[in-house]
Amino acid sequence: MAKPLLVANWKNYPSSLSEAQRLLRELAKKRELFKKVSLFIAPPSPYLESVSNKIKRFGSLACQDISSLAKGTYTGEVTSEMLKSFAVRLAIVGHSERRALGETSKDVASKIDVALKSGIAPLVCIGELERDKDGEHFEFLRQELKLMLSGISKNEVVKIALAYEPVWAVGKYAKEAINPQELSQTVIFLRKVLGDLFGRAAADKVPILYGGSVEPANAGELMNGSGIRGFLVGRSSLNAESLEAIARDIISL
Ligand code: PGA
């Protein structure tokens with residue numbers, strides 16, 4: 001069985017390079033444990049080089065976004081070519097915090113395309129704004145998935161990973177995260193939609209992660225039997241002890 005995936009989304013923290021380096025030193029002390037999972041760190045772009053140099057012994061580098069634009073005069077964009085030069089292997093795309101800034105599912109589809117063409121695995125985020133007691137959010141998820149994955153083939157879908165991040169659960173506390181039953185139901189649903197789009201065999205190869213208020217207090221119960229292959233972790237990834245505890249929980253299952 002493949003190792004569980006643990007993706008640390010540092011967002012725009014730590015607030016200085018020296019603090020980021022301190023966090024990396026703390027994480028490096030726990031490298032024997034982190035080698036038992038597939039650990040990815042997605043730092044803010046200005047820290048890519050520093051993290052790239054230090055993470056090699058126990059994990060891989062990810063990025064929080066990728067430009068859908070190639071070479072050109074696009075002030076502020078970070079292109080796939082640049083990311084490749086730092087050995088970035090995974091790109092978070094379509095995070096709800098980027099969507100809140102105006103990113104659409106069509107934009108996400110272009111980013112998936114660019115990432116795949118440059119050999120960077122897209123970690124495609126999907127999640128409803130709120131749960132509907134009649135289950136209408138399932139239809140929303142189906143449509144989102146269709147739109148975001150409209151440009152890719154059966155052979156390409158096996159190179160992506162999906163992060164189910166219900167927007168209402170991001171940035172809260174463990175007790176406000178999704179419950180394991182709802183998570184497992186949603187994972188079955190997402191896999192079914194993937195199967196309808198690409199066939200069962202391809203759908204089964206797409207790892208589905210969960211994100212949204214993952215902490216040591218809930219990681220084990222969320223992972224256990226829910227069908228997810230790991231986590232996309234925000235706040236708790238900025239604390240070496242918390243990330244260590246989450247890793248320990250998921251490898252012990
Ligand atoms: P959180 O963030 O773990 O702080 O809820 C998750 C994310 O935004 O990816």
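Predicted model: local features only at pLDDT ≥ 70, side-chain atom pairs only at ≥ 80, totals over all residues.
User: How is a pair of aromatic rings described?

Analyst: A pair of aromatic rings is described by two things, the distance of the centres and the angle of the planes.

User: How many aromatic pairs does the count come to here?

Analyst: The count comes to 3 aromatic pairs. One of them is formed by Phe-138 and Phe-189, with 4.9 Å centre to centre and 55° between the planes. This pair is tilted, because planes count as stacked under 30 degrees and as edge-to-face over 60.

User: Which parts does the pair of Phe-138 and Phe-189 tie together?

Analyst: Phe-138 belongs to helix H7 (residues 136-148) and Phe-189 to helix H9 (residues 180-198), so the pair links parts that are 51 residues apart in sequence. Phe-138 and Phe-189 are both buried.

User: What are the distance and the angle for Tyr-164 and Tyr-210?

Analyst: Their ring centres are 6.3 Å apart, and the planes make an angle of 55°. This aromatic pair is tilted. Tyr-164 is in strand E6 (residues 161-164) and Tyr-210 in strand E7 (residues 208-211), so the pair ties together parts 46 residues apart in sequence. Tyr-164 and Tyr-210 are both buried.

User: Which residue lies over the face of Tyr-173?

Analyst: Arg-235 does, at 5.9 Å from the ring centre. Arg-235 is also one of the residues that surround the ligand.

User: Which other residues surround the ligand?

Analyst: Among them are Asn-9, Lys-11, His-95, Glu-165, Val-170 and Leu-232. By type, the shell divides into 3 nonpolar, 6 polar and 3 charged residues.

User: Where do polar side-chain atoms lie relative to oxygen atoms of the ligand?

Analyst: For Lys-11, a polar side-chain atom is 2.7 Å from a ligand oxygen. In the side chain of His-95, an N or O atom is 2.7 Å from an oxygen atom of the ligand. For the side chain of Asn-9, the corresponding distance is 3.4 Å.

User: How much of the ligand does the protein bury?

Analyst: Taken alone, the ligand exposes 280 Å², and the protein buries 99% of that.

User: Is Ala-247 buried or exposed?

Analyst: Ala-247 has 0% relative accessibility, so it counts as buried. The cut-off for buried is under 20% relative accessible area. Ala-247 is part of helix H12 (residues 240-251).

User: What separates the C-alpha atoms of Ala-247 and Ile-120?

Analyst: A distance of 24 Å separates these C-alpha atoms, and the two residues are 127 residues apart along the chain.

Key. Residues numbered from 1 in each chain as written. Heavy atoms only, no water. Phe/Tyr/Trp six-rings, centres within 6.5 Å; stacked < 30°, edge-to-face > 60°. Helix = DSSP H or I, 4+ residues; strand = E, 2+ residues; numbered from the N terminus. Buried < 20%, exposed > 50% of the residue type's maximum accessible area, 1.4 Å probe, protein only. Lys NZ or Arg CZ within 6 Å of the ring centre and 35° of its normal. Near = heavy atom within 4 Å. Polar contact = N/O pair within 3.5 Å; in protein donor to acceptor, adjacent residues only side chain to side chain. Areas by Shrake-Rupley, 256 points an atom, 1.4 Å probe, with all protein chains shown as cover. Nonpolar A, V, L, I, M, F, W, Y, C, P; charged D, E, K, R; others polar.
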